[in-house]
Amino acid sequence: MATQQVNPSSYFSSYSDLSVHALMLKDRPRTLAYKNFIEQNKNLFAGKTVLDVGAGTGILSLFCASAGAKQVYAVEATTATLYLTPVNMSAYVNENFRVWEKAYDYDFSPFQVATMSNAVQQPVITCIKPSQLLAEPEVVSEFDLKTVSLTEIENVRKTFSFEITKSGLLHAFSLWFDVHFSAPIDSTKKQCASLVTLSTSPFAEETHWKQTNIFIPISASLDEGEKVSCKLDICRDDVNRRHYNISIETLDDGIDEEDSGNGEDSDLSEEEEDVSGHPVPCDCGAARCRLIKALVERYDEEADALEHEAEEVEVNAEVEAARTVDIETMEDGNAIVGKIVHSFDCQYLSL
């Protein structure tokens, strides 16, 4: 099947909305990181010609001009680091999933299943607190944006083994990045560049990027000292090359339904069930079990639909073949046409 190509102009047109630029201007950690680096390293800009690629409102160009640049036409060359860690999302679960259970004394649980299903199928972009981290963050990858190639950013695959540092329910894995602003050092002039870091981590001031949280279908109760392993796959989308498809697979040695905790987690909300030891699917009625059952049923329906479609394609092919034989034999005056068609009709009725 041919892949639909995205017009490169769509990248630039996406920035025609002024609200996008307003969002970035309001993001003080992002904007101040640029401003601080430029102001702390004026010697790198004074009297220089600066190229600003994708200037937007021109705020970075203005910073460079204020630093003494001779001409500003400005872009940064930086290093980016991506991090991953397991997290507890109990507050998010209570505020966004359990709210459907007893809204004004009415049961809206079907909406709950739909909401949870969406959370499992696509990342949840929201801010988390350092207290939600269940283990120390691990580095996914580092990119030198001055030298990185397209091949390096096409696909990132890595397996992790986290040691749990805080007991709690594991709901998701969280991703964020740090960008380090640096400059080459001119040893002949004995100049030393200051390093400025823009961090989107839970430990830093909130940015408009927030954190990217990938929910797992079944939560697990983990104790301090336990190990949890997962495999992360980040791949550029074939259609929209600006997008990435992210998948996380928990490995057997990390989360085991029989060894997923004793349920005595002091941070576990009384209203939030630990269903890590339940069978799949399960009819106990717990919110997480209803989600798993709904997902299983959806997959079964899709599998049945695909199987039915395949059968229809096969039948249509046989019908077309029978018609072709019918026409050819009629043209030849062959008397066995009726036998062939009758034989096919019997086969069709038996499907």
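A residue is called buried when its relative accessible area is under 20%, exposed when that area is over 50%, and partly exposed in between, using a 1.4 Å probe and protein chains only. Helices (H or I, at least four residues) and strands (E, at least two) are DSSP runs, numbered from the N terminus.

**View 1. Strand S3 and its two partners.** Because eight of the 10 residues of strand S3 (residues 78-87) are buried, this strand is largely enclosed by the rest of the structure. Two strands are said to pair if DSSP finds at least two bridges between them. S3 runs antiparallel to strand S7 (residues 168-181), to which 10 bridges join it, and Pro86 stands opposite Phe173 in S7. With strand S5 (residues 138-144), S3 pairs over six bridges, in the antiparallel sense, and here Ala80 stands opposite Phe143 in S5.

**View 2. The whole model and its confidence.** This is a predicted model, in which local features need pLDDT of at least 70 and side-chain atom pairs count only at pLDDT 80 or more, whereas totals for chains, interfaces and linings use all residues. Residues are numbered from 1 along each chain as its sequence is written, and side-chain values use heavy atoms, with hydrogens and water left out. The protein has nine helices and 11 strands, and 33% of its 351 residues count as buried. The pLDDT, the predictor's confidence in each residue on a scale from 0 to 100, averages 75 over the protein, and 64% of the residues score at least 70. Confidence is highest in strand S6 (residues 155-163), at a mean of 95, and lowest in helix H9 (residues 337-349), at 34. Over residues 333-351 the pLDDT is below 50, and beyond near neighbours in sequence this stretch has 13 contacts in the model, a contact meaning heavy atoms within 4.5 Å. Where pLDDT is low, the predicted coordinates should not be read in detail.

**View 3. Helix H4 and its buried face.** In helix H4 (residues 59-66), the residues Leu60, Ser61, Phe63 and Cys64 are buried. Seen down the axis of H4, these buried residues fall within an arc of 155 degrees, so they line one face of the helix; the arc is that of the directions from the helix axis to the C-beta atoms. They pack against helix H3 (28-40), strand S1 (49-50) and strand S2 (71-72). The face of H4 turned away from this buried side carries the exposed residues Leu62 and Ser66. After H4 comes Gly68, whose phi is positive, near 105 degrees.

**View 4. The open sheet S6-S10-S11.** Three strands, in the order S6-S10-S11, form an open sheet with antiparallel pairing. S6 and strand S11 (244-250) are the edge strands, each pairing on one side only. Seven bridges connect strand S10 (residues 227-236) with S11 in the antiparallel sense, and Asp233 stands opposite Ser247 in S11.

**View 5. The surroundings of Leu251.** Leu251 lies in the loop between S11 and helix H8 (287-332), and with a relative accessible area of 22% this residue is partly exposed. Leaving aside residues up to four places away in sequence, Leu251 touches Thr159, Ser229, Cys230 and Lys231. Although Leu251 and Phe160 are 91 residues apart along the chain, their C-alpha atoms are separated by 9.5 Å.
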